[in-house]
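Colleague: I have a new model open and would like to learn how to read it. Could you take me through it feature by feature?

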Amino acid sequence: MSQLKITNLNKTYPNGTRALHDVNLEISNGMFGLLGPNGAGKSSLMRTLSTLQEADSGSAFIDDIDILNKPKEVRQILGYLPQEFGVYPRITASQILDHISILKGVTNRKERKDLVDYLLQKVNLYKERNKSVKGFSGGMKQRVGIAQALIGDPKLIIVDEPTAGLDPGERNRFHNLLAEVGQEVIVILSTHIVDDVKELCTDMAIMNFGKIVYNGTPADALSALNGKVWRKTIERSEKEQYKKMYNVISDKMVSGRPQIHVLAENNPGNGFVNVDPNLEDVFFTRIHTETV
Ligand code: ADP
(Lines give C-alpha, C1' and ligand atoms only; values in the text may rest on other atoms or scores of the structure.)
Protein backbone atom coordinates (compact mmCIF):
# COMPACT_ATOMS: atom_id res chain seq x y z
CA MET A 1 0.00 0.00 0.00
CA SER A 2 1.51 3.33 -1.06
CA GLN A 3 0.69 6.84 -0.01
CA LEU A 4 1.09 10.05 -2.00
CA LYS A 5 1.16 13.17 0.15
CA ILE A 6 1.13 16.62 -1.43
CA THR A 7 1.58 19.58 0.90
CA ASN A 8 1.16 23.29 0.12
CA LEU A 9 2.26 22.93 -3.46
CA ASN A 10 2.55 26.22 -5.38
CA LYS A 11 3.45 27.13 -8.93
CA THR A 12 3.30 30.48 -10.69
CA TYR A 13 4.43 30.64 -14.33
CA PRO A 14 6.76 33.45 -15.42
CA ASN A 15 3.82 35.24 -17.04
CA GLY A 16 2.12 35.52 -13.63
CA THR A 17 -0.43 32.68 -13.98
CA ARG A 18 -0.84 30.98 -10.62
CA ALA A 19 -1.42 27.41 -11.74
CA LEU A 20 -1.09 25.71 -8.32
CA HIS A 21 -2.35 27.50 -5.25
CA ASP A 22 -1.57 25.77 -1.93
CA VAL A 23 -2.51 22.31 -3.16
CA ASN A 24 -2.88 19.69 -0.41
CA LEU A 25 -3.88 16.09 -1.15
CA GLU A 26 -3.41 12.63 0.32
CA ILE A 27 -3.95 9.74 -2.04
CA SER A 28 -3.59 5.99 -1.52
CA ASN A 29 -4.03 2.89 -3.68
CA GLY A 30 -6.98 2.92 -6.02
CA MET A 31 -8.37 5.18 -8.69
CA PHE A 32 -8.24 8.86 -7.82
CA GLY A 33 -10.12 11.27 -10.08
CA LEU A 34 -8.79 14.79 -10.55
CA LEU A 35 -11.57 16.75 -12.13
CA GLY A 36 -11.50 20.34 -13.30
CA PRO A 37 -12.35 22.58 -16.24
CA ASN A 38 -9.70 23.41 -18.82
CA GLY A 39 -7.10 25.71 -17.32
CA ALA A 40 -7.78 24.58 -13.73
CA GLY A 41 -4.19 23.45 -13.16
CA LYS A 42 -4.57 19.67 -13.56
CA SER A 43 -1.75 19.25 -16.08
CA SER A 44 0.50 21.53 -14.04
CA LEU A 45 -0.04 19.24 -11.06
CA MET A 46 0.41 16.06 -13.13
CA ARG A 47 3.59 17.40 -14.76
CA THR A 48 4.98 18.33 -11.34
CA LEU A 49 4.26 14.87 -9.93
CA SER A 50 5.79 13.29 -13.04
CA THR A 51 8.99 15.33 -12.48
CA LEU A 52 8.55 17.07 -15.83
CA GLN A 53 8.46 20.51 -14.21
CA GLU A 54 9.39 22.09 -10.91
CA ALA A 55 7.17 23.64 -8.26
CA ASP A 56 7.95 26.95 -6.54
CA SER A 57 7.27 25.69 -3.03
CA GLY A 58 5.65 22.88 -1.07
CA SER A 59 6.39 19.19 -0.97
CA ALA A 60 5.23 15.91 -2.49
CA PHE A 61 6.16 12.46 -1.28
CA ILE A 62 5.34 8.92 -2.39
CA ASP A 63 5.94 6.98 0.78
CA ASP A 64 9.42 8.25 1.70
CA ILE A 65 10.48 9.33 -1.79
CA ASP A 66 10.81 13.10 -2.19
CA ILE A 67 9.27 13.81 -5.61
CA LEU A 68 10.47 17.40 -5.88
CA ASN A 69 14.06 16.71 -4.88
CA LYS A 70 14.70 13.16 -6.05
CA PRO A 71 13.34 13.04 -9.61
CA LYS A 72 15.48 10.05 -10.60
CA GLU A 73 14.08 7.92 -7.78
CA VAL A 74 10.55 8.96 -8.66
CA ARG A 75 10.98 7.99 -12.30
CA GLN A 76 11.79 4.45 -11.18
CA ILE A 77 8.34 4.07 -9.61
CA LEU A 78 6.29 6.20 -11.99
CA GLY A 79 4.15 5.27 -14.96
CA TYR A 80 2.98 8.20 -17.04
CA LEU A 81 0.37 8.07 -19.78
CA PRO A 82 0.09 11.45 -21.48
CA GLN A 83 -3.00 12.67 -23.31
CA GLU A 84 -1.85 11.19 -26.56
CA PHE A 85 0.61 8.39 -26.30
CA GLY A 86 3.06 9.19 -29.07
CA VAL A 87 3.82 5.74 -30.36
CA TYR A 88 6.29 4.99 -33.12
CA PRO A 89 3.84 4.05 -35.82
CA ARG A 90 5.96 1.72 -37.97
CA ILE A 91 6.84 -0.80 -35.29
CA THR A 92 4.78 -3.48 -33.62
CA ALA A 93 3.22 -3.40 -30.16
CA SER A 94 5.69 -6.00 -29.03
CA GLN A 95 8.69 -4.01 -30.31
CA ILE A 96 7.54 -0.81 -28.61
CA LEU A 97 7.17 -2.49 -25.24
CA ASP A 98 10.49 -4.24 -25.65
CA HIS A 99 12.17 -0.94 -26.49
CA ILE A 100 10.66 0.91 -23.53
CA SER A 101 11.59 -1.96 -21.21
CA ILE A 102 15.22 -1.51 -22.24
CA LEU A 103 14.95 2.24 -21.55
CA LYS A 104 13.53 1.45 -18.13
CA GLY A 105 16.46 -0.81 -17.33
CA VAL A 106 15.13 -4.32 -17.98
CA THR A 107 18.32 -5.57 -19.61
CA ASN A 108 17.89 -9.34 -19.38
CA ARG A 109 16.47 -10.57 -22.71
CA LYS A 110 14.43 -13.46 -21.30
CA GLU A 111 13.06 -11.36 -18.46
CA ARG A 112 12.09 -8.71 -21.00
CA LYS A 113 10.33 -11.19 -23.29
CA ASP A 114 8.31 -12.54 -20.34
CA LEU A 115 7.42 -9.03 -19.22
CA VAL A 116 6.32 -7.92 -22.69
CA ASP A 117 4.19 -11.05 -23.16
CA TYR A 118 2.63 -10.55 -19.74
CA LEU A 119 1.81 -6.90 -20.49
CA LEU A 120 0.38 -7.69 -23.93
CA GLN A 121 -1.91 -10.25 -22.34
CA LYS A 122 -2.88 -7.89 -19.56
CA VAL A 123 -4.02 -5.17 -21.97
CA ASN A 124 -5.55 -7.71 -24.30
CA LEU A 125 -3.29 -7.08 -27.28
CA TYR A 126 -1.41 -10.37 -27.35
CA LYS A 127 -3.05 -11.48 -30.58
CA GLU A 128 -2.13 -8.17 -32.22
CA ARG A 129 1.40 -8.13 -30.83
CA ASN A 130 3.11 -8.46 -34.20
CA LYS A 131 0.97 -5.92 -36.01
CA SER A 132 2.12 -2.39 -36.70
CA VAL A 133 0.69 0.05 -34.18
CA LYS A 134 0.03 2.37 -37.10
CA GLY A 135 -3.16 0.47 -37.89
CA PHE A 136 -4.40 0.40 -34.27
CA SER A 137 -7.58 2.20 -33.17
CA GLY A 138 -7.39 5.01 -30.60
CA GLY A 139 -8.41 2.61 -27.84
CA MET A 140 -5.77 0.06 -28.80
CA LYS A 141 -3.09 2.76 -28.80
CA GLN A 142 -4.20 3.83 -25.33
CA ARG A 143 -3.89 0.23 -24.17
CA VAL A 144 -0.32 0.13 -25.50
CA GLY A 145 0.12 3.34 -23.49
CA ILE A 146 -1.11 1.66 -20.31
CA ALA A 147 1.10 -1.36 -20.95
CA GLN A 148 4.21 0.85 -21.23
CA ALA A 149 3.17 2.78 -18.10
CA LEU A 150 3.13 -0.53 -16.20
CA ILE A 151 6.73 -1.41 -17.04
CA GLY A 152 8.99 -1.27 -14.00
CA ASP A 153 6.32 -2.12 -11.45
CA PRO A 154 5.26 1.48 -10.73
CA LYS A 155 3.71 2.64 -7.45
CA LEU A 156 2.12 5.66 -9.11
CA ILE A 157 0.46 5.84 -12.50
CA ILE A 158 -0.60 9.19 -13.89
CA VAL A 159 -3.12 9.26 -16.68
CA ASP A 160 -3.86 12.62 -18.30
CA GLU A 161 -7.18 13.03 -20.18
CA PRO A 162 -7.13 9.45 -21.45
CA THR A 163 -10.51 8.99 -23.11
CA ALA A 164 -10.56 11.94 -25.50
CA GLY A 165 -11.18 10.53 -28.95
CA LEU A 166 -12.21 7.02 -27.87
CA ASP A 167 -15.56 5.59 -28.91
CA PRO A 168 -17.87 4.33 -26.13
CA GLY A 169 -16.82 0.67 -26.47
CA GLU A 170 -13.13 1.53 -26.38
CA ARG A 171 -13.71 3.86 -23.48
CA ASN A 172 -15.39 1.06 -21.52
CA ARG A 173 -12.59 -1.39 -22.15
CA PHE A 174 -10.03 1.23 -21.18
CA HIS A 175 -11.95 1.98 -17.96
CA ASN A 176 -12.07 -1.69 -17.01
CA LEU A 177 -8.35 -2.02 -17.55
CA LEU A 178 -7.63 1.06 -15.43
CA ALA A 179 -9.88 -0.16 -12.64
CA GLU A 180 -8.03 -3.48 -12.60
CA VAL A 181 -4.64 -1.76 -12.51
CA GLY A 182 -5.90 0.61 -9.80
CA GLN A 183 -6.35 -2.21 -7.32
CA GLU A 184 -2.60 -2.59 -6.98
CA VAL A 185 -1.18 0.93 -7.34
CA ILE A 186 -2.13 4.59 -7.08
CA VAL A 187 -3.72 5.72 -10.31
CA ILE A 188 -4.46 9.41 -10.77
CA LEU A 189 -6.86 10.08 -13.57
CA SER A 190 -6.89 13.71 -14.64
CA THR A 191 -9.91 14.66 -16.70
CA HIS A 192 -12.56 17.27 -17.44
CA ILE A 193 -15.07 14.49 -18.20
CA VAL A 194 -17.31 13.95 -15.19
CA ASP A 195 -18.46 10.52 -16.35
CA ASP A 196 -14.90 9.15 -16.32
CA VAL A 197 -14.67 9.90 -12.61
CA LYS A 198 -18.20 8.79 -11.81
CA GLU A 199 -17.65 5.36 -13.25
CA LEU A 200 -14.20 4.67 -11.95
CA CYS A 201 -13.03 6.56 -8.93
CA THR A 202 -13.47 5.86 -5.24
CA ASP A 203 -11.86 9.15 -4.30
CA MET A 204 -11.68 12.46 -6.08
CA ALA A 205 -10.71 16.09 -6.03
CA ILE A 206 -12.10 19.00 -7.99
CA MET A 207 -9.71 21.74 -9.03
CA ASN A 208 -10.41 25.28 -10.18
CA PHE A 209 -8.07 28.25 -10.65
CA GLY A 210 -5.20 26.23 -9.19
CA LYS A 211 -7.03 25.37 -5.97
CA ILE A 212 -8.53 22.15 -4.67
CA VAL A 213 -12.19 23.06 -4.19
CA TYR A 214 -13.36 19.57 -3.17
CA ASN A 215 -11.57 16.49 -1.90
CA GLY A 216 -13.47 13.39 -0.83
CA THR A 217 -15.55 10.55 -2.16
CA PRO A 218 -17.99 11.06 -5.02
CA ALA A 219 -20.71 9.69 -2.70
CA ASP A 220 -20.09 12.32 0.00
CA ALA A 221 -20.06 15.06 -2.60
CA LEU A 222 -23.41 13.86 -3.87
CA SER A 223 -25.03 13.53 -0.47
CA ALA A 224 -24.02 17.10 0.42
CA LEU A 225 -26.32 18.22 -2.39
CA ASN A 226 -29.24 15.95 -1.51
CA GLY A 227 -32.56 17.76 -1.70
CA LYS A 228 -30.93 20.94 -3.01
CA VAL A 229 -30.94 20.40 -6.77
CA TRP A 230 -34.02 21.44 -8.73
CA ARG A 231 -34.76 20.96 -12.39
CA LYS A 232 -36.92 22.76 -14.90
CA THR A 233 -37.24 22.80 -18.67
CA ILE A 234 -37.54 26.34 -19.90
CA GLU A 235 -37.58 28.24 -23.19
CA ARG A 236 -34.35 29.38 -24.74
CA SER A 237 -35.43 33.01 -24.47
CA GLU A 238 -35.94 32.65 -20.69
CA LYS A 239 -32.43 31.48 -19.94
CA GLU A 240 -30.86 34.82 -19.08
CA GLN A 241 -33.79 35.75 -16.87
CA TYR A 242 -33.55 32.46 -14.93
CA LYS A 243 -29.84 32.94 -14.47
CA LYS A 244 -30.55 36.28 -12.80
CA MET A 245 -33.32 34.87 -10.57
CA TYR A 246 -31.81 31.54 -9.50
CA ASN A 247 -28.48 29.94 -8.73
CA VAL A 248 -28.29 28.05 -12.03
CA ILE A 249 -25.55 25.40 -11.81
CA SER A 250 -25.97 23.86 -15.25
CA ASP A 251 -28.03 23.97 -18.38
CA LYS A 252 -28.18 21.52 -21.21
CA MET A 253 -30.38 21.02 -24.21
CA VAL A 254 -32.91 18.22 -23.94
CA SER A 255 -35.06 17.67 -27.03
CA GLY A 256 -34.14 21.12 -28.25
CA ARG A 257 -35.06 23.00 -25.06
CA PRO A 258 -32.79 24.08 -22.22
CA GLN A 259 -33.10 22.03 -19.06
CA ILE A 260 -31.64 23.88 -16.12
CA HIS A 261 -30.50 22.70 -12.71
CA VAL A 262 -30.58 25.22 -9.88
CA LEU A 263 -29.21 24.98 -6.36
CA ALA A 264 -31.61 26.00 -3.57
CA GLU A 265 -32.10 25.00 0.07
CA ASN A 266 -35.89 25.23 -0.32
CA ASN A 267 -38.32 24.46 -3.10
CA PRO A 268 -38.11 27.39 -5.51
CA GLY A 269 -41.70 26.70 -6.70
CA ASN A 270 -42.43 28.02 -10.18
CA GLY A 271 -42.55 24.52 -11.69
CA PHE A 272 -39.15 23.30 -10.46
CA VAL A 273 -38.91 19.64 -9.43
CA ASN A 274 -36.41 18.14 -7.02
CA VAL A 275 -33.90 15.75 -8.60
CA ASP A 276 -31.22 13.43 -7.28
CA PRO A 277 -27.92 15.27 -7.55
CA ASN A 278 -25.42 13.90 -10.05
CA LEU A 279 -21.67 14.36 -10.19
CA GLU A 280 -22.07 17.05 -12.82
CA ASP A 281 -24.11 19.07 -10.29
CA VAL A 282 -21.30 18.63 -7.79
CA PHE A 283 -18.74 19.70 -10.36
CA PHE A 284 -20.58 22.84 -11.45
CA THR A 285 -21.55 23.78 -7.89
CA ARG A 286 -17.97 23.51 -6.72
CA ILE A 287 -16.46 25.41 -9.60
CA HIS A 288 -19.10 28.16 -9.44
CA THR A 289 -19.10 28.82 -5.74
CA GLU A 290 -15.93 27.06 -4.55
CA THR A 291 -17.18 26.69 -0.99
CA VAL A 292 -20.70 25.17 -1.00
P1 ADP B 1 -5.56 22.07 -17.03
O2 ADP B 1 -4.66 20.91 -17.22
O3 ADP B 1 -6.49 21.91 -15.89
O4 ADP B 1 -6.26 22.48 -18.30
P5 ADP B 1 -3.08 23.64 -16.87
O6 ADP B 1 -2.28 23.16 -15.74
O7 ADP B 1 -2.69 23.23 -18.26
O8 ADP B 1 -4.62 23.34 -16.60
O9 ADP B 1 -3.07 25.24 -16.85
C10 ADP B 1 -3.32 26.00 -15.67
C11 ADP B 1 -3.12 27.47 -15.99
O12 ADP B 1 -1.74 27.71 -16.24
C13 ADP B 1 -3.86 27.94 -17.23
O14 ADP B 1 -4.26 29.26 -17.01
C15 ADP B 1 -2.80 27.86 -18.32
O16 ADP B 1 -3.07 28.79 -19.33
C17 ADP B 1 -1.55 28.22 -17.54
N18 ADP B 1 -0.34 27.57 -18.07
C19 ADP B 1 -0.10 26.26 -18.27
N20 ADP B 1 1.14 26.03 -18.71
C21 ADP B 1 1.74 27.25 -18.78
C22 ADP B 1 3.05 27.70 -19.16
N23 ADP B 1 4.01 26.83 -19.53
N24 ADP B 1 3.29 29.03 -19.12
C25 ADP B 1 2.34 29.90 -18.74
N26 ADP B 1 1.10 29.56 -18.36
C27 ADP B 1 0.79 28.24 -18.38
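Colleague: What is the mean pLDDT of the chain?

Modeller: pLDDT is the predictor's confidence in each residue, from 0 to 100. Here the chain has a mean of 90, and 97% of its residues reach 70 or more. This is a predicted model, so to speak plainly: local features need pLDDT of at least 70, side-chain atom pairs count only at pLDDT 80 or more, and totals for chains, interfaces and linings use all residues. Residues are numbered from 1 along each chain as its sequence is written, and side-chain values use heavy atoms, with hydrogens and water left out.

Colleague: Which elements have the lowest and the highest mean pLDDT?

Modeller: Elements come from DSSP runs, numbered from the N terminus: helices are H or I with at least four residues, strands are E with at least two. Among the elements of the chain, helix 6 (residues 168-181) has the lowest mean pLDDT, 83, while strand 1 (residues 3-12) has the highest, 98. The chain comes to 10 helices and 14 strands.

Colleague: What percentage of the residues in the chain is buried?

Modeller: Buried means under 20% relative accessible area, exposed over 50%, and partly exposed in between, with a 1.4 Å probe and protein chains only. Of the 292 residues in the chain, 48% are buried.

Colleague: And how many residues are in the largest nonpolar core?

Modeller: In soluble globular proteins, nonpolar side chains tend to be buried together. A nonpolar core is a set of buried Ala, Val, Leu, Ile, Met, Phe, Trp, Tyr and Cys residues joined through side-chain atoms within 4.5 Å. The largest one here has 49 residues, and those with the most contacts inside it include Ile146, Ile157 and Val159. Helix 5 (residues 138-150) gives the most to this core, with 6 residues. Domain 1 and domain 2 both give residues to this core, so it lies between them.

Colleague: Let's turn to sheets. In what order do the 4 strands of the open sheet run?

Modeller: Strands of a sheet pair through backbone hydrogen bonds, either parallel or antiparallel. Two strands count as paired if DSSP finds at least two bridges between them. The order here is 12-13-11-14, with antiparallel pairing. Strand 12 and strand 14 stand at the edges with a single partner strand each, so one side of each has no neighbour in the sheet.

Colleague: Over how many bridges do strand 12 and strand 13 pair?

Modeller: They pair over 6 bridges, in the antiparallel sense. Lys252 has Gln259 in strand 13 as its bridge partner. Strand 11 (residues 229-233) and strand 14 also pair in the antiparallel sense, over 2 bridges, and Arg231 stands opposite Val273 in strand 14.

Colleague: Where is Ser255, and what is its phi near?

Modeller: Most residues other than glycine have a negative phi. Ser255 has a positive one, near 50°. Ser255 sits in the loop between strand 12 (248-254) and strand 13 (257-263), and that hairpin has 2 residues between the strands. Ser255 is exposed, with a relative accessible area of 75%. Asn270 also has a positive phi, near 55°. Asn270 lies in the loop between strand 13 and strand 14 (273-274) and is partly exposed, at 42% relative accessibility.

Colleague: Last topic: how many aromatic pairs does the structure hold?

Modeller: Rings of Phe, Tyr and Trp (its six-membered ring) pair if their centres lie within 6.5 Å; planes under 30 degrees apart count as stacked, over 60 as edge-to-face and the rest as tilted. The structure holds 4 such pairs. Tyr242 and Tyr246 have ring centres 5.6 Å apart and planes at 25°, so this pair is stacked.

Colleague: Which residue lies over the face of Phe272?

Modeller: A charge sits over a ring if NZ of Lys or CZ of Arg is within 6 Å of the ring centre and within 35 degrees of the ring normal. Lys232 lies over the face of Phe272, at 5.8 Å from the ring centre. Arg129 lies over the face of Tyr126, at 4.0 Å from the ring centre.

Note on methods:
Domain bounds come from an automatic or database domain assignment.
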